[in-house]
Amino acid sequence: MLEWGKLVWGVMIVILPTSLVAQDSARAMLHNDGGVWLNGTPAPNSSAIFLHDLVQTQKGTFAKIDADGSTVTVQPDTIVQFEGDELVLDHGSLQLNTSRGMRVRVNCMTVIPLMQEWTRYDVIDVDGEAMVAAHENDVKIHYQGAATRRSKLAGFSDVTVHQGEQVTREERCGTPAKPAEGVNATTAILNTTWAKGVGITTIGILTCWALCRGDEPVSPSK
């Protein structure tokens, strides 16, 4: 019985630290002095946050997110979603200090620390443009689908932001196709294969009708 108890305790010692580490990346603490909303309601001064929680700061208010190995300062007028080792920035400004490679995603671009060391960087998203500033160690701006030829042609290849540099990029990965200028909609319809086929068929019917009348005069006067 004693040997069985030792075995159980040994298994628990191995399993529990692993489970705690797994949980750490899925939760954090939110601190603020007021004027901050959590999932659409006023947030307490200190509160645990979990995956998919939404944090919003008002003008003139700040918030701090303390995660495992990462500290994030949420600047005023910012909306951000917590996704464990990734933050999804809707708009506003974030200041990160991370040793666990915490990323920031803005639309289809993601800012990723290049080292598993303390990395300090800012991400600002205002008026459709995202600015990334690397203060300590380098980060990379990765575009979803940047490996494809189309993305490279469109100018959406990955960019490395070196320590001490800042880079500004459009947060949108593409714009909808615009209709050709100077082309009338009616003209475009008439140029379709279907429209041409109908026109040819109509001309053929009229021609046959005229030829098949034989010697019958076209009008009574003739």
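I49 lies within strand 4, which spans residues 46–50. The structure discussed here is a predicted model. In this model, I49 has a relative accessibility of 0%; because the threshold for a buried residue is a value under 20%, I49 is classed as buried. Beyond the residues within four places of it in sequence, I49 makes contact with A26, R27, A28, M29, L30, L38, I65 and F82.

The protein as a whole contains 16 strands, together with 4 helices. The chain comprises 222 residues, 30% of which are counted as buried. Its accessible surface amounts to about 14,400 Å², and carbon and sulfur atoms contribute 59% of that area. Among contacts in the protein with a separation of 6 or more, 40% are accounted for by residues 24 or more positions apart.

Confidence in the prediction was also examined. The average pLDDT of the protein is 77, and 60% of the residues reach a score of at least 70. A pLDDT below 50 is found over residues 147–153, a stretch with 6 contacts in the model beyond near neighbours in sequence. The pLDDT likewise remains under 50 over residues 175–192. For residues 175–192, the model shows 5 contacts beyond four places in sequence.

Methods: Residues are numbered from 1 along each chain as its sequence is written. This is a predicted model: local features need pLDDT of at least 70, side-chain atom pairs count only at pLDDT 80 or more; totals for chains, interfaces and linings use all residues. Side-chain values use heavy atoms; hydrogens and water are left out. pLDDT is the predictor's confidence in each residue, from 0 to 100. Contact means heavy atoms within 4.5 Å. Helices (H or I, at least four residues) and strands (E, at least two) are DSSP runs, numbered from the N terminus. Buried means under 20% relative accessible area, exposed over 50%, partly exposed in between (1.4 Å probe, protein chains only). Accessible areas come from the Shrake-Rupley method with a 1.4 Å probe; for residues, only the protein chains shown count as cover.
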